[in-house]
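Please look through the sequence and the model below. The paragraphs that follow go through a few of its parts in turn.

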Amino acid sequence: MAVFTYKCPNCDGGLEFDAAKQKFVCEYCLSEFTMEELKAHFNEEELSAQAEADAKQEREHEHVHDGDDGDMLMYNCPSCGAEIVTDATTAASFCYYCHNPVVLSGRLAGEFRPDLVVPFTIEREEAEKRLIDWISTKKLAPSDFCGKENIEKMSGVYFPFFIVSQKINGHLNAEAHNVRTWISGDTEHTERTIYRVLREGGIVLKNITKNALNKEEKILVDNVLPFDINRAKPFSMAYLSGFFAEKRNLELDSFKEEIKAETMRYTEDLLRDTLGNYDELHAVHVETHVKAKKNQYSLMPVWVLTYKGKDKIYYYAMNGQTGRICGDVPISMKKLLIRFICVAAPIFAVLCILGGLLF
Ligand SMILES: [Zn+2]
Ligand SMILES: [Zn+2]
């Protein structure tokens with residue numbers, strides 16, 4: 001069984017992580033537990049070993065349960081036995097019937113076990129309030145979009161990211177020109193002094209962050225970066241309890257060129273800053289050599305909301321740690337028409353009065 005629910009030690013209800021309290025709470029008997037208390041009760045190492053074994057069986061399991069749509073996979077809820085339908089990247093979800101949180105431990109094992117997790121610090125209530133405040137500035141948004149029913153559909157999702165840190169040796173080689181002109185009598189003189197400039201230095205680039213899930217929301221999730229990685233915790237599956245989570249479907253190799261270009265750009269900027277004032281720079285050549293690197297796999301918290309408009313689906317994302325929001329808001333044609341009438345009608349009236357005065 002690759003599905004797991006953290007159950008309350010007092011009443012067996014499903015435990016959820018409470019972002020405001022940074023504790024695990026049982027919504028049935030209202031007990032609260034710290035991470036240390038939970039660790040004492042659930043042997044995470046044993047769970048991980050079990051998860052590794054599950055992951056090995058996963059392929060076979062997926063094959064057996066593949067439906068018409070190859071991306072939909074089914075598991076059984078450990079609390080009520082009902083079927084839980086997930087797609088290929090789901091790592092944590094809820095049972096549709098008993099609403100207990102479930103963690104698909106097999107999806108978080110072996111090479112897919114994250115090193116870090118940035119826990120949610122903005123709880124649902126706070127996230128809803130921030131979203132309502134943000135939407136209230138968008139005057140033409142449809143009324144049902146701002147409605148409670150729609151806002152309540154917002155989900156807390158952990159998205160997979162690669163965190164790359166590198167120690168780099170950077171070299172810059174360029175030709176710098178200083179130009180001086182002056183006039184003496186009828187002649188303009190130009191003096192061009194040419195320097196060969198060389199710079200070399202050690203640079204530490206920390207926490208280059210790459211979204212490792214290629215799904216519809218990718219661009220939006222990228223737009224709510226950055227996260228404060230310094231506040232990340234060593235990964236524990238328990239943090240996912242009560243949220244959705246996704247596993248990566250992109251590997252670090254696919255970001256190789258992007259990361260190289262990024263480190264080159266940072267290195268060049270930093271070395272250029274040390275050059276001092278020259279009038280012109282020519283033939284700038286930059287090289288980077290990676291001396292040491294650390295790659296980590298982390299889950300990051302994002303509140304997401306989708307809204308089905310007439311012609312397309314709108315996506316919203318809010319950073320679950322900083323509250324940064326991104327998304328495009330649908331426009332209500334009804335509200336647009338009312339606004340048009342409010343503006344156009346007085347102008348029409350003024351034109352009529354002017355017309356009346358003239359003729
Ligand atoms: Zn309980
Ligand atoms: Zn269930």
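Which residue takes a positive phi in the hairpin of strand 15 and strand 16? The residue is G323, with a phi near 90°, and the hairpin has five residues between the strands. Helices (H or I, at least four residues) and strands (E, at least two) are DSSP runs, numbered from the N terminus.

This is a predicted model, in which local features need pLDDT of at least 70 and side-chain atom pairs count only at pLDDT 80 or more, while totals for chains, interfaces and linings use all residues; side-chain values use heavy atoms, with hydrogens and water left out. Residues are numbered from 1 along each chain as its sequence is written, and chains are lettered from A and ligands numbered from 1 in the order in which they are written.

Strand 15 covers residues 313-319 and has a partner on either side in what follows. Two strands pair if DSSP finds at least two bridges between them. Strand 14 (residues 280-308) pairs with strand 15 in the antiparallel sense, over seven bridges. A hairpin of four residues joins strand 14 to strand 15, and Y314 in strand 15 is the bridge partner of Y307. Strand 15 also pairs with strand 16 (residues 325-327), again in the antiparallel sense, over three bridges. There Y316 stands opposite G327 of strand 16. Five of the seven residues of strand 15 are buried (under 20% relative accessible area; exposed is over 50%, partly exposed in between, with a 1.4 Å probe and protein chains only).

Next come the metal sites. Donors are N, O and S atoms within 2.8 Å of the metal (3.2 Å for Na, K and Ca); water is not among the atoms, so sites may look incomplete. The zinc ion (ligand 1) is coordinated by the SG atoms of C8, C11, C26 and C29, at 2.2 to 2.3 Å. Along the chain, these donors follow the spacing C-x2-C-x14-C-x2-C. Why is the arrangement tetrahedral? The four donor atoms subtend angles of 96 to 115°, and four donors count as tetrahedral if all angles lie between 85 and 135 degrees. C8 is buried because its relative accessible area is 2%, whereas C11 counts as partly exposed at 34% relative accessibility.

The zinc ion (ligand 2) is coordinated by the SG atoms of C77, C80, C95 and C98, at 2.2 to 2.3 Å. Its donor residues are spaced C-x2-C-x14-C-x2-C in sequence, and the site is tetrahedral, with angles of 105 to 119° among the four donor atoms. C95 has 1% relative accessibility and so counts as buried, while C98, at 22%, counts as partly exposed.

Notes
Tetrahedral: all angles 85-135°; square planar, octahedral: opposite > 155°, others 65-115°.
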